[in-house]
Amino acid sequence: MVAVAEPEVRVAAGAVRGRLESGVAVFKGIPFAETPARFAAPEPVATWDGTRDALSYGPPPPQSGFFGMDALAKSPDGWLTVNVWTPDPAANLPVMVWIQGGGYVFGTSGLPEYDGGRLARDGGVVVVTFNYRVGIEGFAQIEAAPANRGLLDQVAALEWVRDNIGAFGGDPDQVTVFGQSAGGGSVAALLAMPRAAGLFRRAIVQSMPSTFFTPELAADIAGVLAAELGLKPTELATVAPGDLPAVGDALMANIGRYADRWGLAAHRRVPVGPVVDGSTLPTDPWRALADGAARDVDLIVGHVRDEQRLFALIDGTLGQITEEQAATALTLFAPGPDGAARYRAAGGSPDELYEQVHSDWLFRMPSLHLAEAHTGRTFVYELTWPAPGMGGVLGACHGLDVPLVFGNLTSGQPAMLLGDDLAAAEVVSAQMRTAWTTFATDGDPGWPGYDRDKRLTRVFDTEPAVVPYPEEVSRRIWQDHVFSVLPLITGAA
């Protein structure tokens, strides 16, 4: 390809002009759908005349105030935009579509840690990121409004990729969707959604959470959210979009008072997420995959070793868990009548027990059980490299995989996990980027597939390995409770 400083391509809605950055053609802020009414499903984007500049990210949807994300969201509309990095607009390259996390309440594709330039350039792939509605706008269960609007936005983005990515040098028949945390949960939901069938060939699920809701529980939570404003849920559309996230934040701050009513949703401070509504999302991902959904989709799924430590730091409890707090966590989150006793029998300090059961319930066992439910080709991994940043106290914590997968080791908030000496981070990042991009290219990440007999698992560390999934306390306790990772489905205390 002859490098063009201001590359232009034509998509279905019109022409767009990008720019060349370090040998990669970059297009940002391209509309992929519109939401003409509040709490509506996305609709096809309107066409435009002339050539539209695609030089800056589109406006984020309304955001929770966590990590100051609300300050980024200024626009009342125009949120649904897509960004593309391509090494060669004239080629026919594999495509990787990223779905960012953020607890389903914040997240935008314009953060520096999600810049797709290095992944596209080094991996020979087209990288796509996009915005989707989060929080009340995207996931609150509102009567007469479609459920899972954030997931419907994701489907619309994948449809845009199918219809337009060829203009950027991408192969629409070689699409891999990948995401972390709420983004990983979204990928898992897409695997179970009939509307998403055929839109991607491969999937990578990084640290998926277990939080999927029944319509009844989600509607009850939406009712309380609306009541905080003196409204019914159907009247939430009268509130300016930018004013709603603060209501959700206020509920999260005091959600413990609803613990008897909402169960573990309250104990983990999770007010919104995908809803198993029977239509958009017919059933939860574990049951869907076990029943053969997405059997033709190749899947990588995994997690980090120390998922909970980041949340302990945020909560101010890192290294300070009391025996009473550990006992409460084991009672709430360990599966089965003897789960707590079995964790204790394996030993550990209050901090270790608290961290392990939270990590297992929210991320590790949901990820493993998704792998074990899938009836297609499946690969499992665990990231164990302990990041040296912040004195090394967080180990291989939740979110560490994001800078390593994208190769953005010095930009964005996750970079603080890596510290100043990036030699080891570069080694582990190269492993993960190579695995992800080769998987997107030919379906082989470089290690054997997972099955229930051998349980072979790729360990990402400075000294990589392929080992059986650890026969540690968590797997032994949870192995007979494949679907007990779903307590939020009922909302029972």
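Visitor: How are helices and strands defined here, and how many of each does the protein chain have?

Guide: Helices (H or I, at least four residues) and strands (E, at least two) are DSSP runs, numbered from the N terminus. In the protein chain there are 16 helices and 14 strands. The model is predicted: local features need pLDDT of at least 70, side-chain atom pairs count only at pLDDT 80 or more, and totals for chains, interfaces and linings use all residues. Residues are numbered from 1 along each chain as its sequence is written, and side-chain values use heavy atoms, with hydrogens and water left out.

Visitor: What does the radius of gyration say about the protein chain?

Guide: The radius is taken over C-alpha atoms, and the globule rule is 2.2 Å times the number of residues to the power 0.38. For 493 residues a compact globule would have a value near 23 Å, and the 21 Å of the protein chain agrees with that. Along the principal axes, the C-alpha atoms fill a box of roughly 65 × 55 × 45 Å.

Visitor: What share of the residues is buried?

Guide: Buried means under 20% relative accessible area, exposed over 50%, and partly exposed in between (1.4 Å probe, protein chains only). Of the 493 residues, 59% are buried. Helix α4 (residues 182-192) is mostly covered, with eleven of its eleven residues buried; among them are G183, S186 and L191.

Visitor: Which residues have the most contacts inside the largest nonpolar core?

Guide: A nonpolar core is a set of buried Ala, Val, Leu, Ile, Met, Phe, Trp, Tyr and Cys residues joined through side-chain atoms within 4.5 Å. The largest has 131 residues, and F168, F200, L404 and W436 have the most contacts inside it. Helix α13 (residues 350-373) gives the most to this core, with eleven residues. A second, separate core of 26 residues includes A222, V224, I255 and Y258.

Visitor: What is F200 in contact with, beyond its neighbours within four places in sequence?

Guide: Contact means heavy atoms within 4.5 Å. On that basis F200 meets L158, V175, V177, L190, L191 and V297. Across the protein chain, 76% of contacts between residues at least 6 apart in sequence join residues at least 24 apart.

Visitor: Is P350 buried or partly exposed?

Guide: P350, found in helix α13, counts as partly exposed because its relative accessibility is 24%. Not counting residues up to four places away in sequence, P350 touches I321, T322, E323 and A326. P350 and R458 are 108 residues apart in sequence and 29 Å apart in space, C-alpha to C-alpha.
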